[in-house]
Amino acid sequence: MVGSKSRKRLLELLVFAGPAVLLIFIAAELPFLMSIYYSMTKWNGISKHITFTGLRNFRELFTDDSTFFPSLWFTFKYTFFNVIATNVAAILLALGLSKALKTANVLRAVFFVPNIVSLVVIGFVWKFIFSLGTTSLYEATGWGFLEWSWLGSIKLAFSSVLMVSVWQAVGFYMMIYITGLSSIPDDINEAAELDGARGFRKFFAITLPLLMPSFTVAMFMSLANSLKVFDIIYTLTFGGPGDSTRSLSLDIYTEAFVNNRYGYATAKSIVFVLIVLIITVVQVKFFKSKEVEA
Amino acid sequence: MTRKRRNLIIVEIVLLVIACLFVYPFLLVVINSLKPYAEVMTDVIALPKAWEFENYKQVWQLMDYPKLFGNTLFVTVVSIAGIVLFGSMAAYKLVRTKSWLSTLLFFVCIAPMMLPFQSFMITLIKLSKNLHLMNSLPGLTFIYWGLGCPLAVFLFHGFIKSIPFELEESATIDGCSPYRTFFSIIFPIMKPVTATVVILNVMWIWNDFLLPLIMLNGNQATLQLAAYQFFGQYKSEWQFALAAVVLTTLPPVIFFLIMQKNIMKGMVAGAVKG
Amino acid sequence: MSRFKRFGSLALAATLTVGLLSACGSSNKDEAAGDGNKDVTISILQYAPEMSDALHAMTDAYTKEHPNVKFDITIHQDDYFTLLKTRINSGDVPDIFMTGAYNDISTYQDYSYDMTNEPFMKNIVDTAKTGVTLDGKVLGFPLVLQAHSFIYNKDLFAQAGITELPKTLSELDAAAQKLKDKGITAFANGYKEWWVLEQTFTQTMAPVGGDYQQLFADINDKKKKVSDIPDAMNIFDLLDITTKYGNAKPLETDFNTQVSLFAQGKAAMMHQGTWAEDAVLKLNPNIKMGFLAGPVGTDPAKAGLMVDSNITYRANKDSKNLQEVLKFFDWMTTSEAGKNFIPVGTKQISTVAGAPFPEAQLANETNEFLKNGVTYPWVKGYWPDGYEQQAGQILQKYLAGALDRDGAKAELDKTWNKLVDAKQ
C-alpha cells in the first residue's frame, strides 16, 4: 500500500514538474553543459577545426588575462550600487505610493513604464539623450552639469550607466514592494500607531521586518540581474570609454564575438557562472534566515 | 489630521516632479519622432515645426508592421501561456512534495537564472538546429518556454508557500483529483502572482532581441528585429529609429495600462487573504 | 563562359559580355518556358545597410532577367558577425555572405568558394584583389573601394585663409590654430566609435611602407612590436591635436553627431570616409568638401589617403545554389545594372573595371588621389581578429586619461600578442 502510494506521488510529481524540468533542461542546461566542452578547446567559433586544449584556457584566465578581473571588479561595483540604489528607491516610491494619493494609479504606471521598454531601446534612447539632448538642454538652460561628458568620461560613465539602470528597473521592484506593503494587515499598522510608533521607528520596527518576503525576492532578482548586466551596457556604452564600463557578460561576449575566441569565452563564462552561483546562494540563505512570518 | 493631509500633499508633489523627470526621455522620443532628420540633428528639445506623421507612415511600411505585429503577438502569447501553465504546475508540486527529489528538481528549475545567455548561445543554436526548431516561430516559442520557466517557477514557488495547506486538504477529502484541485482551487488563488509572471514575460518576450535574431536567422520576423534596422552604424536616420521605437513600444505599454487594474485587484485579493 | 579569357582588354570584355549575357538572358527565358531552369532563391546575408536600396534595385533587375532566381536578403548592422557565426554554427550558411577583406578572408576560409579561376574575377581591378587573396586563392568578391582620412569643409578652410593644405602634424596644428582664430572648431571627433579611432590609427601606421606582410609577420613572431613602428606612435600627437582644437565631449560623440557637427559647419574637419557623404549631404546639400592627405608626422611626402576594398561578398562553397550565385556574380561585373550597383546606387567607387564613376565629391577626391596622390591600403587587414576594436578602446582610454602614452603603448603591444596567440 505504502509503495503504491509513494509511486503515485512520484508520478504526480513527474506529471506536474516534468514538462517544466524538461523544457528548462533542453533550452538552457543542456546547451550549457555542451558548452563546457568548448571551454577546454581552442576554437574561434567559426572554423571547422577545434583543438582540445584541456585546462589551458582556465590557466590563462587566472594568470594572464587583463580584462577579466577589471570586468569582475566593475560588475561587483555595479551590482553593489545598483542593488542598493534600486531597492532603496523602490521602497521609497512604494511607501509613497501606498498612501492615499489622488494620482497614485497614474504615478505607478509612470514609474513602471521604463520597465516595459526593451533594454536595447532604452540604451538607444539614452544615447540619444546624452549625445544630443543634453547639448540642446544646456543651450536652453545654461546649467553646467548638462555639459558634462556623461558617457565620455570614465568617472561619469559609471554613474550614467547606474542612473539609467535604476531608472529602468526601479518601477518593477516598486511593484514588488507595493504588493508586500499591501499585504501587511491594517490592524498591525493601527496597533503600531496606537503604540506611538511613527515615521522611521515604525518603518524599521514594524514595516521592514514584515516586508522581508518582498525584500528577499527583490534582492534575489536585482542581484541576479545586476551580475548578469548586458543589454543596457551593450547599447549605451559598449563597455566604453576604453573598457571602463565593461561588465563580465560583455567581456565574455567580446571575447567570443569580437576577438573570435569562443572556446576561451566559454571558459570565462563557466567561471562567471560559479561566481554568480556562490553569491546568490549565500544571499538567499542570508535573507531566508531573516524572514518573519506575517 | 491636517498635518497628515499636508504631508500627503507634499509627498504627492515630490512624486509628481520625479514622475515628470521619469517620462521626459520618452517625451523627447515622441517629439523627435515627428520631425524630419535635419530638425532632429539641429535642435532636439524644440517641438516639431509641423506635426507630420511622415516618419510613421514610412516606418509602418518599411517594417511591414501589421504582419510583424501578428508574429510578435503570437510568439508572446503562446510563450507566456506555456510558461504560466508549466511553471505554475511545477512550482505547485515542488512546494507540496517534501523529498530530496523535489529539492533537486527545484534547483534544476531555477539554476538557469544564473546562467548568462551569452554563455550557451551558440550551443543552443546547434541544439535547436538538431531539434528542427530553427527559423520557425513555434520553435522560438518552444525555447521561450524553457528559458521563461525558471523565473516563473521561482515566483510561483514563493507564492504557493504562503497558501495554507488546509484548502487542498478539504478538497482532497471531498474526492477531488490532484489535477482538479490544482486547476480549480490553487490556480485561481494565484492570480496576483500569475499577473506578475505575465507582465514580466510580456516585457521580456515582446522586447527580446538577441534570441529571435539568432533563432530566426536574421529574418525580420518580429517587431524588435525590424525596428533594430533603423539603429545602424553608418546609417543616420534617427527620425525613423525613433518612430520605430514608439511603434514597437506602444503595444506593451497599452497592455500594461489595461492590465494594471488587474494587478491591483489581484493585490487587494492577496491583502485580504493575508 | 570560358570564352571571356580570350579577350585581353577588360573594358572590351565587359562591353562584349553585356551582349553575351543578354543573349543568355533570352535563352534562359526560353528554357524557363520549357521548364529547363528550376526556381532558386539565393540567400544574401550582409551588413552595410547604406547599400540596402541599391541592392534591392539590383536584385530586382536580375530577377527580371532571370525569372527563376529570387533573392532572400537580410541586412544587419551591429550584431552582424554574431548573427553570421550563429548561422554558420547552425549549419545554415547563407549562399552569399559579406565579410571584410584580409583577416576575415582567412577567418571564414572554411566556408568560402575559391573564385580564382572564375571568369568574373578578370573584370575586377587588380588593386582590389590583394585583400581577398589568401595563399594565392581568391576567396572573396571585393565590392567597393572606400577611402578614409580627414574630410575638410572647403569654405571654412577658405574663410580661415588656409591656402596650403596641411601635410605634417605641425602644419595641421597651425591650420587648426588659424581656424580657431576665426572662431571655428577645427575637428569634429567621433571618438565614441572605436572604429573612428582605429581608422585614424591605421592611417598613421600605413606610411611605414615596405613589405607589410613581412612587417606584421615579424610582429606576430614577436620579433618586433607595434610600438616599434615610429609613424604609428605619432597617433598620440595626432589625437592630441584633434582634441586640443576639437569639439566638446569627443568620447561621447558618435558617428551621427560627428557628421552633424561637420555638416552644419560647426567643425571644419572630421576623420571619416566615403560612406559619410550621404549623411553629410542630407543635412547640408550645399557643402563643399574634400579629403586631406592625412598628416602623420614631419614628412609631408608621407601624408596620404587610405583607400582599400574592405567589403566583400563570399560565396558559400557548400551551397546548393553555388552555380546560380556564380552566375549572379558574373552578371554583377558585366551587366549595366550590375555595374551600376555601387557607383550609381551607393555613390561609391566600384571595383569593377569599366563601371561608371560615381557622382560624389569624396569619390572624385579619391580618384584624384589614386591618379596623382599618395594612397595606402587599410593595413588593419593584417591585424589579428579583435585588434581593431581593442586598439580603438585602448586609444579611448588614452583620450579619457586612464592611460598615459607609455601605458597605451604597452597595452597595444600586449593585446596584439594575446590575440595572435589565440589565433587559429
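Domain 1 and domain 2 of chain C bury about 750 Å² between them, with 46% of that area on carbon and sulfur atoms. The model is a predicted one. Between chain A and chain B the buried area is about 8,000 Å², and carbon and sulfur atoms give 81% of it. The size of an interface is often stated as the accessible area lost when the parts come together. The points below take the two interfaces in turn.

**Domains of chain C**

- Domain 1 of chain C covers residues 17–143 and 309–356, and domain 2 of chain C covers 147–307 and 374–423.
- Contact between these domains involves 5 residues of domain 1 of chain C and 11 residues of domain 2 of chain C.
- The C-alpha centres of domain 1 and domain 2 of chain C are 32 Å apart.
- Tyr102(C), Asn103(C) and Asn310(C) account for 62% of the area that domain 1 of chain C buries against domain 2 of chain C, more than any other three residues.

**Polar and charged features between the chain C domains**

- There are 5 residue pairs in polar contact across the interface of domain 1 and domain 2 of chain C, counting pairs with both residues at pLDDT 80 or more.
- On the side of domain 1 of chain C that touches domain 2 of chain C, 4 residues are polar, 1 is nonpolar and none is charged.
- The salt-bridge count between domain 1 and domain 2 of chain C is 0.

**Chain A against chain B: extent**

- Chain A gives 84 residues to its contact with chain B, and chain B gives 86.

**Chain A against chain B: specific contacts**

- One salt bridge is counted between chain A and chain B.
- The salt bridge between Glu12(A) and Lys93(B) has its closest N and O atoms 2.9 Å apart.
- Polar contacts across the interface of chain A and chain B come to 9 residue pairs, both residues being at pLDDT 80 or more.

**Chain A against chain B: elements and residue classes on the chain A side**

- Helices that give two or more residues to the side of chain A touching chain B include H1 (2–38), H3 (68–97), H4 (104–116) and H5 (119–141) of chain A.
- Also among them are H6 (154–182), H9 (212–227), H11 (248–257) and H12 (262–288) of chain A.
- H1(A) provides the largest share of the side of chain A that touches chain B, at 22 residues.
- By class, that side of chain A holds 60 nonpolar, 15 polar and 9 charged residues.

Conventions
Residues numbered from 1 in each chain as written. Chains lettered and ligands numbered in written order. Predicted model: local features only at pLDDT ≥ 70, side-chain atom pairs only at ≥ 80, totals over all residues. Heavy atoms only, no water. Domains from an automatic or database assignment. Contact = heavy atoms within 4.5 Å. Buried area = accessible area lost by both parts, 1.4 Å probe. Salt bridge = Lys/Arg side-chain N within 4 Å of Asp/Glu carboxyl O. Polar contact = N/O pair within 3.5 Å; in protein donor to acceptor, adjacent residues only side chain to side chain. Nonpolar A, V, L, I, M, F, W, Y, C, P; charged D, E, K, R; others polar. Helix = DSSP H or I, 4+ residues; strand = E, 2+ residues; numbered from the N terminus.
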